Amino acid sequence: MNGILKEDNAGAGFRSVTENIDTTTPAGRMMMQMVGAFAEFERAMIRERTSAGLAAARAEGRVGGRKKKLDAAKRREIAESVISGRKSGAEMARLYGVSQPTVSRIVAAHRVTEP
C-alpha cells in the first residue's frame, strides 16, 4: 500500500454534514483516527474492568457459567447404565432430558476418572 489509505485508492471518503467531519481532508482523517483510538482505549478499559470483576467474584467463591443440569449422582448413573449396556445413550438422554452428545461427554469423562 505504500502508506496510502485504501479509501484514497478507491476515491471514497466520508463526509458528515451534521458533525462537520470530512475524511477526504488530512484533518478529517486525523479526527477519525482519534475517534478510533478512543474507541479502542474504551474497549480495553471495559475488558480490564470485566477481568477484575470476574477475579473478585472468583475470590469470593462465586463461579460463573450455567448451572449443571445433572448432579454427580445422575451423571454417574448415566455413565454406569451406558457402559454396562443396560441402556443406550439415546435412552438415557431422553430419560434425563439432555442431548445425546451430553451423554457421550458424561460417559467419556466417567471412563477417564474411574479406573
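1. E42 is partly exposed, with a relative accessible area of 37% (buried means under 20%, exposed over 50% and partly exposed in between, with a 1.4 Å probe and protein chains only). R49 is also partly exposed, at 48%. The side chains of E42 and R49 meet in a salt bridge, 3.4 Å from N to O. A salt bridge here is a side-chain nitrogen of Lys or Arg within 4 Å of a carboxyl oxygen of Asp or Glu.

2. This is a predicted model, in which local features need pLDDT of at least 70 and side-chain atom pairs count only at pLDDT 80 or more, while totals for chains, interfaces and linings use all residues. Residues are numbered from 1 along each chain as its sequence is written, and side-chain values use heavy atoms, with hydrogens and water left out.

3. The pLDDT (the predictor's confidence in each residue, from 0 to 100) averages 87 for the protein chain, and 90% of the residues score at least 70. Over residues 1-5 pLDDT stays under 50, and the model has three contacts for them beyond four places in sequence. Contact means heavy atoms within 4.5 Å.

4. How many salt bridges are found in the whole structure? The search gives two. Besides the R49 and E42 pair, E60 forms a salt bridge with R62, with the closest N and O atoms 2.8 Å apart. E60 counts as exposed, at 58% relative accessibility.

5. Helix α3 covers residues 72-84 and helix α5 residues 100-113; they pack at an angle of about 85°, with axes 9 Å apart. That makes α3 roughly perpendicular to α5 (65 to 115 degrees; under 35 is roughly parallel, over 145 roughly antiparallel and the rest oblique). Axes are lines fitted to C-alpha atoms, for helices over the stretch in contact, and angles run from 0 to 180 degrees between N-to-C directions. Helices are DSSP runs (H or I, at least four residues), numbered from the N terminus.

6. On the α3 side, the contact is made by R75, R76, I78, A79, E80, V82 and I83; on the α5 side, by V103, I106, V107, H110 and R111. By class, this contact has seven nonpolar, one polar and four charged residues (Ala, Val, Leu, Ile, Met, Phe, Trp, Tyr, Cys and Pro count as nonpolar, Asp, Glu, Lys and Arg as charged, and the others, Gly among them, as polar).

7. S81 also lies in helix α3. S81 counts as buried, at 5% relative accessibility. Leaving out residues up to four places away in sequence, S81 touches R86, K87 and M92.

Note on methods. Helix = DSSP H or I, 4+ residues; strand = E, 2+ residues; numbered from the N terminus.
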